[in-house]
Amino acid sequence: NFYYAFVFLPRPKRDAIYAAYAFSRHTDDIVDDAESRDDAQRNLDAWRTQLEACYGGTPTHPIAQNLQSTLPEFPIPKEHFLSLIDGVEMDLSKNRYSTFDELREYCYRVASVIGLICIEIFGYTNPQTRDYAIDLGLALQLTNITRDVYTDYQKDRIYLPAEELERFNYTEQDLTQARYNSAFIDLMHFQSQRAWSYYQTAAKLLPEEDRSSMFSAQIMGQIYSRLLTKIEHANYNIFDTPIRLNNLNKLGIALRYWLGSRLSRKSQF
């Protein structure tokens, strides 16, 4: 999904985005691909050391070296990457969430900070664009959570708040059996409406002066919001059929926002 958001960026920004994305992807893989929790923890600790070297030393890992090469032109704050590592680390010790406030912290660390990293590369002038990136990141992550409820559970992770499972009378045992019923539909409708609220807030927060430079972020928002629409059209039955967009749809979205950004720039002269 991200490929189509970045493909029309100018080469220097595209290279920087790919470097940041590779760092982020590897951070996630450290936990997902580890043979044990202890291995994952050791590797995350070593990865923090590589990040510190990016900002004040000589990293030895090729991904970290590539990221370091982009920092003189795109000085992304180190704390964004540290927050990302902290968020991924949460998966080592926490696989259930009691409340949405707890879940929001996780979503901020693994998704909103990605948005904050990206806008440092896209370029912006209004500080409010940072709030846009935060809320858009929350919307994208909540869409992922809604789509991947069952596949996440198969990894022994539930990102739906326990108090909401209880409120809608849908149990973990129901999820074990992939039970698709009215309680599940109501629960998922509630999740999707919350995601939509973040899409809507993000759209209102995007300042006009930064709109053209944020076309890649808008592409991501449009792709993921269409995924959410597809989930709704399937009446939230995420058990039977994978929910995805085909590549032609993604390319069409990317072209639309890229061309829109170019027309917007021309109108300013």
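**Figure 1. A salt bridge joins K94 and E102.** In this predicted model, K94 and E102 pair through a salt bridge whose closest N and O atoms are 3.1 Å apart. K94 is partly exposed, because its relative accessible area is 26%. E102 is likewise partly exposed, with a value of 27%.

**Figure 2. R48 and D86 form a salt bridge between two helices.** The side chains of R48 and D86 come together in a salt bridge of 2.9 Å, N to O. This pair links distant parts of the chain, since R48 belongs to helix 3 and D86 to helix 5 (residues 78–93), 38 residues apart. R48 counts as buried because its relative accessibility is 18%, under the 20% cut-off. D86, at 29%, counts as partly exposed.

**Figure 3. W47 is a buried residue of helix 3.** W47 lies in helix 3 (residues 37–56). With a relative accessible area of 2%, W47 is buried. Which residues does W47 touch, leaving out those up to four places away in sequence? The contacts are F23, H26, T27, I30, H61, I63, A64 and I85. For a sense of scale, the C-alpha atoms of W47 and S216 are separated by 28 Å, and the two residues are 169 positions apart along the chain.

**Figure 4. Q50 also has its place in helix 3.** Q50 is found in helix 3. Its relative accessible area is 13%, so Q50 is buried. Neighbours within four places in sequence aside, Q50 is in contact with P59, T60, H61 and A64. H61 and A64 are also among the residues that W47 touches.

**Figure 5. Helix 12 is largely enclosed.** Helix 12 spans residues 215–233, 19 residues in total, and reaches 27 Å from its first C-alpha to its last. That reach is close to the 27 Å expected at 1.5 Å a residue. Of its 19 residues, 14 are buried, so the rest of the structure largely encloses helix 12. Just after helix 12 comes N235, with a positive phi of about 55°.

Figure 6. D156 is not a glycine, yet its phi is about 65°. D156 occupies the loop between helix 8 (149–154) and helix 9 (162–167), and at 39% relative accessibility it counts as partly exposed. A178 has a positive phi near 50°. The loop that holds A178 runs between helix 10 (172–176) and helix 11 (182–205). A178 is partly exposed, with a relative accessible area of 24%.

**Figure 7. Four leucines form a nonpolar surface patch.** L248, L251, L255 and L259 make up this patch on the surface, and together they have about 350 Å² of accessible area. One of them, L255, lies in helix 13 (residues 247–267). L255 counts as partly exposed because its relative accessibility is 33%.

**Figure 8. The whole chain gives the context for these views.** The chain has 13 helices and 0 strands. Along the principal axes, the C-alpha atoms fill a box of roughly 55 × 50 × 30 Å. Buried residues make up 49% of the 269 residues. Among contacts with a separation of 6 or more, 73% involve residues 24 or more positions apart. The chain exposes about 12900 Å², with carbon and sulfur atoms supplying 49% of that area.

Definitions and conventions
Residues numbered from 1 in each chain as written. Predicted model: local features only at pLDDT ≥ 70, side-chain atom pairs only at ≥ 80, totals over all residues. Heavy atoms only, no water. Patch = residues over 30% accessible without salt bridge, like charges linked within 9 Å, V, L, I, M, F, W, Y side chains within 5 Å. Areas by Shrake-Rupley, 256 points an atom, 1.4 Å probe, with all protein chains shown as cover. Helix = DSSP H or I, 4+ residues; strand = E, 2+ residues; numbered from the N terminus. Buried < 20%, exposed > 50% of the residue type's maximum accessible area, 1.4 Å probe, protein only. Expected span 1.5 Å × (residues − 1). Contact = heavy atoms within 4.5 Å.
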